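Biologist: Can you put the model up and walk me through a few local features?
Modeller: Here it is.

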Amino acid sequence: MIRTRFLLAGLALMLLGTGSALALGARLNRTPELHGTLLDPPLPAAEFALTSGGGRLVGPPQFRGKLVVLFFGFTHCPDVCPLTMQRLGAAMRELGDRAEQVQVILVSVDPERDPPDAIDAYAKRFHPSFVGVTGTEDELRAVASSYGIFFARNDAGSEAGYSVDHSASTLVLDRDGQLRLIWPFDTTAEALASDLRYLVRR
Amino acid sequence: MKHKLLLGSVLALMGVLVGVAFFAIAQPVQVLPRMALAPGYALVDQNGQRLTNEDLRGSIVLYTFAYTGCGEPCATIERTMRAVAARLDEVDTGGAPVRLITISVDPERDTPETLRAAAPALGSDGSTWRLVSGESRVVKQVVGGGFGVFYEPRPDGAVRFDPAFVLVDGWGITRARNRIGVPEPDMLLDQIRLLGNEIRASTGVARYAYEAAHLFSCYAY
């Protein structure tokens, strides 16, 4: 009788031990080859609501339960923005059904030339589910800054009059609205899709 | 025989448990917490050069806040920055550069020219330690909003603010906010050293020990 109890206790302890060791191991090791920087534990992320097409207020809080991908750009952007947006669009198509669990938001860094309808239409050129948002310069600066993104008008810019220099990283918020992953500029569509697939599964 | 095997595995697993518990309690590896993203900004330094947070990606950055017309109240902050700058070679950061940035809380009067004139006396060399300023509302948003450092001009022309020494890692993540008085240079150097340890351990098996340290909140400060 005592022996059985000892055995049972041992077995329970063993299960507990294996469980915690596995949980720890899994937590440290479950990450596949991610192409962005994974933040584990995730960081708090600023909430915001900015104006999108038709004057709608749009922001991450209304997409809780989905992954929210944030990119900062502008419609007159010559290379960095169209390239990144095009890759995000390709990644979404690669995700198939899972793309429904991802919402891409393009935040303008050029309030002067990007009215709400223009930035939203621009975003939708890359994928119909994308939304583009904008606001006043102070609003945009506050939102961008809170995500570690800078932008500054560069008058020595393009044919369109001026350009806007800005951080080119893309950020991913998890289903709870916390900052989870940061991709550097020039991450390929395959890499974006692979990381998103991993985050969607979690 | 069967019992011995069972006993053996129970003991082994207890060993793992004790190991995990030891790690969580004794905290053999200490780290600085990953607090939040540091703000993004574009400001101007004493040489009229634009400085953005992106320029500092990959560097360990110690931010402070002061202004040139401040006099004695800022002297301790400046002395501390000088001491940290002079002793940076004591710290092994695994090759990551360390940068000191002082953002003016009096941007109206602290133009790049004013900052350049004040730099030699402070000991700011314009590369390792840079003094920066910018448009008032931009500085307010970055310092007041982003770094959470409150400041306001007083009627007598001085600026009221509380000293803060904020440490940001190469990913742009805030790792330490020293806001109670002016910290000792030793403590700031120790915080930089902790980030250096983490960078040097960012490859191989040691990485797991450091990630576990974050998991178990083995926080040094």
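**Cavities, surface and backbone**

Modeller: This is a predicted model. The largest cavity has a volume of about 190 Å³.

Biologist: How many cavities of 30 Å³ or more are there?
Modeller: The count comes to 4.

Biologist: Which residues lie nearest the centre of the largest one?
Modeller: Its lining has 21 residues, and those nearest the centre are A:Gly148, B:Asn53, B:Arg57, B:Trp171 and B:Gly172.

Biologist: And what is the lining of the largest cavity by class?
Modeller: It has 13 nonpolar, 6 polar and 2 charged residues.

Biologist: Surface next. Which residues form a nonpolar patch?
Modeller: B:Leu7, B:Leu11 and B:Met14 do, with about 270 Å² of accessible area together. B:Leu7 is in helix 1 of chain B, residues 2-26.

Biologist: Now the backbone. Where is there a cis peptide bond?
Modeller: Between A:Asp40 and A:Pro41, with omega about 0°. A:Pro41 belongs to strand 1 of chain A, residues 37-43.

Biologist: What about phi of A:Asp186?
Modeller: Phi there is near 80°, a positive value in a residue other than glycine. A:Asp186 sits in the loop between strand 10 (179-183) and helix 5 (189-201) of chain A. With a relative accessible area of 48%, A:Asp186 is partly exposed.

Biologist: And phi of B:Ser217?
Modeller: Also positive, near 50°. B:Ser217 is in the segment after helix 6 (206-215) of chain B, and is partly exposed at 39% relative accessible area.

Key: Residues numbered from 1 in each chain as written. Chains lettered and ligands numbered in written order. Predicted model: local features only at pLDDT ≥ 70, side-chain atom pairs only at ≥ 80, totals over all residues. Heavy atoms only, no water. Patch = residues over 30% accessible without salt bridge, like charges linked within 9 Å, V, L, I, M, F, W, Y side chains within 5 Å. Areas by Shrake-Rupley, 256 points an atom, 1.4 Å probe, with all protein chains shown as cover. Salt bridge = Lys/Arg side-chain N within 4 Å of Asp/Glu carboxyl O. Helix = DSSP H or I, 4+ residues; strand = E, 2+ residues; numbered from the N terminus. 1 Å grid on protein atoms, 1.4 Å probe; cavity = no way out; pocket = protein on both sides within 12 Å on 5 of 7 lines; lining within 4 Å. Points joined across faces, edges and corners; volume = space filled by probe spheres on them. Nonpolar A, V, L, I, M, F, W, Y, C, P; charged D, E, K, R; others polar. Buried < 20%, exposed > 50% of the residue type's maximum accessible area, 1.4 Å probe, protein only.
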